[in-house]
Amino acid sequence: MRASSVVLLPHAPSSVAVARRRLSSELVDSGVYESVVDDASVIVSELLSNALRHARPLPSGQVRVCWLRRGDVLELEVSDGGAMTEPRRGPGTLSSLGGRGLGIVEALSEGWGVRHEDGSTTVWAVLRAPKSPSGKNGQAAPAGAHTVVPDLADFPDLTDEPDDLRDGRRNGTAASRAYPA
């Protein structure tokens, strides 16, 4: 099965809820496990929140949210007009008010990265999105189909810097586009 959507939204905080509802609705309708729908919704929320907080809108004044499902792989993307800094997993402590977004994306996804094209910056993430055997949502996903949000205490390297957008490097290496096997 191949399914995709592209949604253009205002560069405004209210767009996060709109994107979450639309994504969740489409994934539920396509029979994706509820836990995967939840993970995908969190990922889109984090990517879109970062774009709204740190980047300019696209020339149209909007941000673009896309998702593409090919078989058991779901790719989520948020495109904006770019920023002065590059998206990267930022440090954040348990007491900081921000800085955890891409760490959460990293924990919930199989991988994420950044690409630049035609005056836009796109931050993407991929995750496994198997369909439930009955095609009905609401079932528990099989082992390995999703990741539980980790306890933030498991990230001792987090500091008090809230800026998720830095130099595009992840764990000291440049992010690359790779799909799970």
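**Figure 1. Leucine 74 and its partners in the neighbouring strands.** Leucine 127 in strand E6 is the bridge partner of leucine 74. The model shown here and in the views below is predicted. Leucine 74 of E3 is also the bridge partner of arginine 69. Leu74 is among the residues with the most contacts inside the largest nonpolar core.

**Figure 2. Strand E3 and the strands beside it.** E3 pairs with E2 in the antiparallel sense over seven bridges, and with E6, again antiparallel, over eight bridges. Valine 73 stands opposite arginine 128 in E6.

Figure 3. Because eight of the eight residues of E3 are buried, the strand is largely enclosed by the rest of the structure.

**Figure 4. Glutamate 77 and arginine 115.** Glutamate 77 is located in strand E3, which covers residues 73-80. Its relative accessibility is 14%; since buried means under 20%, glutamate 77 counts as buried. The side chain of glutamate 77 makes a polar contact of 2.8 Å with the side chain of arginine 115.

**Figure 5. Surroundings of leucine 76.** With neighbours within four places in sequence left aside, leucine 76 is in contact with Leu23, Ala40, Ile43, Val44, Leu47, Cys66, Trp67, Val123, Trp124, Ala125 and Leu127. Leucine 76 is also one of the residues with the most contacts inside the largest nonpolar core, alongside Ile43, Leu48, Val65 and Leu74.

**Figure 6. The largest nonpolar core and helix H2.** In soluble globular proteins, nonpolar side chains tend to be buried together. The largest nonpolar core in this model has 33 residues. Elements giving two or more residues to this core include strand E1 (2-10), helix H1 (14-29), strand E2 (62-70) and helix H3 (101-108). Helix H2 (34-54) gives the most, with nine residues. H2 is mostly covered, with 15 of its 21 residues buried. At 1.5 Å a residue, H2 should span 30 Å, and its end C-alpha atoms are 30 Å apart, so the two values agree.

Figure 7. Strands E5 (111-117) and E6 (120-128) each give two or more residues to the largest nonpolar core. The two strands pair in the antiparallel sense over seven bridges. Glycine 111 has valine 126 in E6 as its bridge partner. Two residues lie between E5 and E6 in the hairpin, and aspartate 118 in the turn has a positive phi of about 45 degrees. Eight of the nine residues of E6 are buried, so E6 is largely enclosed by the rest of the structure.

**Figure 8. The chain as context for the close-ups.** The chain contains three helices and nine strands, in the order β-α-α-β-β-β-α-β-β-β-β-β from the N terminus on. Of its 181 residues, 50% are buried. Contacts between residues at least 6 apart in sequence join residues at least 24 apart in 75% of cases. The accessible surface of the chain is about 8700 Å², and 53% of this surface belongs to carbon and sulfur atoms.

Terms used
Residues numbered from 1 in each chain as written. Predicted model: local features only at pLDDT ≥ 70, side-chain atom pairs only at ≥ 80, totals over all residues. Heavy atoms only, no water. Helix = DSSP H or I, 4+ residues; strand = E, 2+ residues; numbered from the N terminus. Buried < 20%, exposed > 50% of the residue type's maximum accessible area, 1.4 Å probe, protein only. Polar contact = N/O pair within 3.5 Å; in protein donor to acceptor, adjacent residues only side chain to side chain. Contact = heavy atoms within 4.5 Å. Areas by Shrake-Rupley, 256 points an atom, 1.4 Å probe, with all protein chains shown as cover. Core = buried A, V, L, I, M, F, W, Y, C linked by side-chain atoms within 4.5 Å. Pairing = 2+ DSSP bridges. Expected span 1.5 Å × (residues − 1).
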